[in-house]
There are 8 protein chains.
Amino acid sequence: MKKVAIIMGSDSDLKTLEGAFTQLKDLGVPFQARVLSAHRTPEETAQYAKSLQQSGFGVVIAAAGMAAHLAGAVAAQTILPVIGIPISSGSLQGVDALYSTVMMPPGVPVAAVGINASKNAALLAAQVLAVSDPDLADKLSKLKISMAESVAEKDAKLQSQIENL
Amino acid sequence: MKKVAIIMGSDSDLKTLEGAFTQLKDLGVPFQARVLSAHRTPEETAQYAKSLQQSGFGVVIAAAGMAAHLAGAVAAQTILPVIGIPISSGSLQGVDALYSTVMMPPGVPVAAVGINASKNAALLAAQVLAVSDPDLADKLSKLKISMAESVAEKDAKLQSQIENL
Amino acid sequence: MKKVAIIMGSDSDLKTLEGAFTQLKDLGVPFQARVLSAHRTPEETAQYAKSLQQSGFGVVIAAAGMAAHLAGAVAAQTILPVIGIPISSGSLQGVDALYSTVMMPPGVPVAAVGINASKNAALLAAQVLAVSDPDLADKLSKLKISMAESVAEKDAKLQSQIENL
Amino acid sequence: MKKVAIIMGSDSDLKTLEGAFTQLKDLGVPFQARVLSAHRTPEETAQYAKSLQQSGFGVVIAAAGMAAHLAGAVAAQTILPVIGIPISSGSLQGVDALYSTVMMPPGVPVAAVGINASKNAALLAAQVLAVSDPDLADKLSKLKISMAESVAEKDAKLQSQIENL
Amino acid sequence: MKKVAIIMGSDSDLKTLEGAFTQLKDLGVPFQARVLSAHRTPEETAQYAKSLQQSGFGVVIAAAGMAAHLAGAVAAQTILPVIGIPISSGSLQGVDALYSTVMMPPGVPVAAVGINASKNAALLAAQVLAVSDPDLADKLSKLKISMAESVAEKDAKLQSQIENL
Amino acid sequence: MKKVAIIMGSDSDLKTLEGAFTQLKDLGVPFQARVLSAHRTPEETAQYAKSLQQSGFGVVIAAAGMAAHLAGAVAAQTILPVIGIPISSGSLQGVDALYSTVMMPPGVPVAAVGINASKNAALLAAQVLAVSDPDLADKLSKLKISMAESVAEKDAKLQSQIENL
Amino acid sequence: MKKVAIIMGSDSDLKTLEGAFTQLKDLGVPFQARVLSAHRTPEETAQYAKSLQQSGFGVVIAAAGMAAHLAGAVAAQTILPVIGIPISSGSLQGVDALYSTVMMPPGVPVAAVGINASKNAALLAAQVLAVSDPDLADKLSKLKISMAESVAEKDAKLQSQIENL
Amino acid sequence: MKKVAIIMGSDSDLKTLEGAFTQLKDLGVPFQARVLSAHRTPEETAQYAKSLQQSGFGVVIAAAGMAAHLAGAVAAQTILPVIGIPISSGSLQGVDALYSTVMMPPGVPVAAVGINASKNAALLAAQVLAVSDPDLADKLSKLKISMAESVAEKDAKLQSQIENL
């Protein structure tokens with residue numbers, strides 16, 4: 001199976017990314033995580049991004065806050081799908097990171113998920129790999145069913161809570 | 001090759017989506033385009049979304065404006081990657097569509113591209129298919145090179161323009 | 001009397017909805033509360049929404065956060081008036097939910113109340129039912145008077161507070 | 001059948017409201033339209049709002065732009081459901097009117113529809129009246145079906161347009 | 001000397017208004033404070049506003065949050081200058097109140113100060129009265145000088161702090 | 001009668017200010033208009049602002065766009081009430097000017113009116129002068145009545161328009 | 001004298017940058033203009049940025065729209081001051097470019113000017129070079145005086161326009 | 001070496017500015033810090049700004065919150081480069097200060113850094129001085145390398161953290 005590369009602009013983003021790590025592990029999707037900065041280590045970031053396709057990676061997740069250029073800097077160097085997670089930090093609370101991640105110029109797409117949505121980034125990465133991996137697709141289908149069941153359980157629980165209100 | 005499904009919430013989005021059609025044709029990626037509304041034809045939308053994986057589709061593009069629920073409604077019914085294009089329409093100029101597309105709850109990701117960014121949605125769809133299609137990957141690599149050459153040409157042209165300023 | 005259906009996208013919205021439950025109980029309006037997700041249980045949501053008119057419901061309240069599609073998904077399936085409560089959650093603090101709830105396309109209206117305004121949603125639901133229910137209308141008129149009296153009491157109390165400032 | 005009262009803050013809103021007039025006429029719902037300003041004719045507005053319940057009205061639509069107080073001023077004086085249409089005008093393009101319309105304090109709800117969404121306001125008004133009017137409910141159900149058919153026609157037309165692309 | 005009327009939409013705004021009370025007392029400007037709601041006690045608000053000019057008031061301060069209609073409702077009923085204080089409350093943190101206060105339609109101005117800026121509202125009220133009251137003008141001039149001195153003291157203190165950094 | 005000083009940051013604001021000139025002339029309020037820039041002629045602006053109180057002025061109107069410092073720069077130099085008109089210009093369409101005008105620090109208030117609201121600025125200036133000028137107060141009361149009559153005329157006209165719809 | 005490097009992300013920005021070219025020519029400051037894209041020609045951009053300090057440049061101007069990474073990408077590769085011009089393009093009208101330009105992470109500053117403010121970028125670049133160039137400083141001082149004179153002329157002209165109003 | 005002038009509008013900004021003090025000390029760049037208010041001490045601010053060029057200063061940092069006019073007021077009086085730090089304070093969380101700082105009119109540029117970005121302001125000031133100071137340029141180059149090394153260390157540390165996840 002192709003691997004997922006997870007790049008974060010700062011180790012302060014690590015806590016937000018734990019949701020992605022857990023989700024990928026649960027699905028049995030191999031991944032590598034790196035701290036690489038578009039602004040502080042531009043060359044290492046470019047080199048890593050450029051090498052991904054040849055190194056067995058199938059999709060990239062890039063997480064950064066504020067003027068979040070990381071996903072775009074990676075997308076500039078690879079034709080792998082790049083998923084951007086805008087991280088909420090500082091006064092603008094992630095709106096800056098969202099706009100910096102999603103409003104890419106024609107020719108260099110980034111697939112943005114919601115602000116801090118690391119679990120969804122992992123699921124999206126798995127969905128991309130599942131396009132050519134029926135086993136992973138099967139796991140994702142089962143996960144979808146279990147999510148529905150979890151909602152049904154909460155709905156059932158609500159009925160008794162309401163009675164006691 | 002797996003196909004791309006392109007769904008638009010209204011035929012008024014057709015003009016914006018032409019960039020996607022052209023890009024996919026240029027790359028030789030087969031696609032099917034549909035007008036389906038999450039709010040006016042919810043059942044047809046759900047049925048179509050549910051059938052995609054079994055009908056040879058590998059990725060979905062969904063474009064809608066305002067309270068843009070279409071991409072999310074499709075993502076609710078399939079494990080295929082769903083790319084959402086927020087369409088700019090009405091007074092909020094696409095910010096409503098962007099938030100409605102990208103801020104999905106945990107478990108049901110949508111891959112948002114920029115407002116009206118239909119060409120990038122097509123490229124992202126192709127990138128997803130290219131993960132398991134070396135020929136398509138090769139085409140995307142060549143496209144990346146030709147984009148760089150086009151910038152270089154514009155840079156060269158600028159030098160003469162500047163002289164005549 | 002027709003009933004009010006209250007649907008929440010997640011049980012984490014329960015606390016915000018307590019204001020609605022209390023208000024409806026105070027007015028003697030019967031209601032049913034459900035946890036149903038537009039994205040995680042789309043079919044159950046659609047089925048429930050479709051059944052409401054025939055099951056003795058007169059109005060629906062739907063509460064959801066972020067890319068809040070729930071009210072719209074319900075409105076797609078019923079001609080009952082659907083009241084949407086945008087829930088504040090995550091970095092965008094409810095602006096995303098407000099836009100996703102209120103900016104509905106032509107033909108499928110949602111009646112949005114303020115962010116987290118569950119008490120007002122309940123009052124609006126009661127106002128809808130009161131159009132054809134003089135007793136309920138009478139209760140709402142008395143509530144309006146008691147609200148005015150409560151303001152007058154606070155005004156009186158302020159006068160003594162000011163003197164002691 | 002109870003009537004719909006349509007109040008606009010300025011006759012410059014008339015053009016935007018035509019969608020509401022047409023929709024109500026198509027559904028055979030009687031209505032009265034007034035120009036009344038919360039700020040320039042506060043007393044007339046209050047008197048009219050106060051009289052509505054006794055004059056055979058069942059629901060109110062109030063449309064205003066900028067610091068749009070009209071729907072709230074009407075809601076302060078009646079227990080009828082008040083539907084607010086935020087009108088886009090001036091530099092803030094309706095965001096001011098949306099916030100001024102929807103963010104009502106506890107106890108005095110306004111049912112906001114989207115910016116300039118006069119057709120949806122009319123449909124919502126009809127839905128409110130239809131709660132106790134099976135004939136009107138039937139008309140709304142038929143309208144919902146015809147909207148779906150219209151989408152299906154556009155979808156069919158798209159297939160031929162795509163072939164000729 | 002003419003009096004200042006201070007109206008708040010809710011007693012929860014009292015804490016924010018203490019800055020105004022203190023400032024007016026320090027300047028020796030007489031004032032009356034009231035809790036009056038544009039939405040819950042519209043008639044009392046209108047009556048009070050209408051009576052102000054004849055009751056010896058020279059200027060009004062109105063403070064309210066969310067869809068803050070209070071200042072506008074008062075301005076609709078008096079030709080006295082009305083100063084609006086947008087109060088920060090709820091998810092939109094005062095932007096809703098700012099827009100609802102400042103974006104008044106032509107013909108009915110409100111003088112908006114910053115969000116929660118009750119001290120500035122009091123100073124502005126005093127400035128209005130001082131136009132025809134040389135003694136009050138003199139007090140305001142002295143206050144301006146003392147503010148400048150206070151900045152100079154902080155500047156002097158900074159110099160020693162910097163040395164010890 | 002005291003005069004009104006009208007300061008604009010650029011002669012490109014002249015067109016927007018015509019509403020203020022007309023309104024003041026209609027009310028018989030004397031005024032002086034100046035082009036003075038907080039950033040390009042800071043000294044002249046400061047000198048003029050400082051001289052106003054002694055030169056027979058009672059109130060100031062300052063209009064500027066973008067990072068609109070003009071009203072604040074004038075307020076820094078006078079204890080006269082300063083009315084700020086945020087001018088819409090450039091990409092941010094007046095939101096920048098609104099925030100730069102209204103969010104003044106404690107101690108130096110500016111009375112902001114709506115974006116481009118020059119007529120309201122003139123009315124507010126007249127209201128300030130009318131606090132100690134019964135004749136002007138009378139004119140403002142009459143203007144208020146004529147505004148109400150104008151709304152009533154538009155309401156009457158609407159009734160015939162509706163019939164012909 | 002050190003030169004100014006002007007980099008634009010797309011030749012569509014050329015028109016906006018003409019104000020910068022003209023201003024630098026008027027001041028006699030030598031400059032070089034390039035079309036280089038952070039996303040389409042990342043290597044050329046990095047190489048050019050890295051070479052600037054050794055090639056006689058003293059300051060850089062970088063202009064880009066939407067997810068405007070160009071200024072940051074250049075600042076990542078040089079210790080020269082980098083001035084960023086956010087370009088207004090697309091639905092978000094430059095707010096995206098502003099946030100993407102100015103909200104840089106600690107350690108890699110960009111000096112942002114206003115949206116589309118190419119003339120100011122040129123003046124700022126000249127101010128930077130003038131720190132060690134008394135002749136250029138003298139030119140800038142004279143320019144400041146001529147700007148003030150231009151305002152004074154417009155003020156004089158206004159006086160006659162007002163008389164004829 | 002020329003000095004850096006650091007001006008803050010209020011001593012409450014001191015804590016935010018410590019990052020600037022530390023960074024300048026680390027680089028051996030001499031600086032002077034002042035508390036000066038554009039609104040409370042306009043003359044002292046103007047005098048200080050006007051004197052800077054002749055007193056051995058090469059660049060100015062001005063920090064202020066809300067309607068942040070300080071950087072602009074200084075830029076109005078000097079041709080030295082003025083770096084503006086928008087300070088986050090109050091309900092608008094620095095967006096007001098950002099717009100008030102960066103959207104300067106043509107002719108009077110301010111170099112804005114991110115909200116609260118005092119360390120970046122100091123680095124930018126050092127970059128400006130380094131244009132004509134090879135020793136300082138050398139220090140900045142070394143700092144850039146050490147930042148990259150710090151990222152590499154965090155990346156290495158992440159690898160072991162991931163293993164233990």
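Chain E and chain G have no contact either, with their closest C-alpha atoms 18 Å apart.

Some housekeeping. This is a predicted model, where local features need pLDDT of at least 70, side-chain atom pairs count only at pLDDT 80 or more, and totals for chains, interfaces and linings use all residues. Residues are numbered from 1 along each chain as its sequence is written, chains are lettered from A and ligands numbered from 1 in the order in which they are written, and side-chain values use heavy atoms, with hydrogens and water left out.

Now, chains that do touch. Chain B and chain A each put 41 residues into their contact. They bury about 3200 Å², and carbon and sulfur atoms give 65% of that; buried area here is the accessible area (1.4 Å probe) that two parts lose on being put together, summed over both. On the chain B side, B:Ile79, B:Pro109 and B:Val131 lose the most area, together 21% of what that side buries.

How many salt bridges cross between chain B and chain A? Zero, by the rule, which asks for a side-chain nitrogen of Lys or Arg within 4 Å of a carboxyl oxygen of Asp or Glu.

And how do these two copies relate? A rotation of 180° with 0.0 Å of shift along its axis puts chain B on chain A, RMSD 0.0 Å, superposed by least squares on the C-alpha atoms of residues with pLDDT of at least 70 in both. The two are thus related as by a two-fold rotation axis. Both copies use the same surface, too: 100% of the contact residues of chain B recur in chain A.

Over to chain E and chain C. Here 16 residues of chain E meet 15 residues of chain C, burying about 1400 Å², with 63% from carbon and sulfur atoms. E:Val35, E:Arg40 and E:Ser91 supply 34% of what chain E buries there, more than any other three residues. The rule finds two salt bridges across this interface. C:Asp155 and E:Arg34 join their side chains in a salt bridge, at 2.7 Å, N to O.

Last stop, chain F. Helix α4 covers residues 95-102, helices being DSSP runs (H or I, at least four residues), numbered from the N terminus. Eight of its eight residues are buried, so this helix is largely enclosed by the rest of the structure. Buried means under 20% relative accessible area (1.4 Å probe, protein chains only). Among them are F:Asp96, F:Tyr99 and F:Ser100.

Definitions and conventions. Contact = heavy atoms within 4.5 Å. Buried < 20%, exposed > 50% of the residue type's maximum accessible area, 1.4 Å probe, protein only. Helix = DSSP H or I, 4+ residues; strand = E, 2+ residues; numbered from the N terminus.
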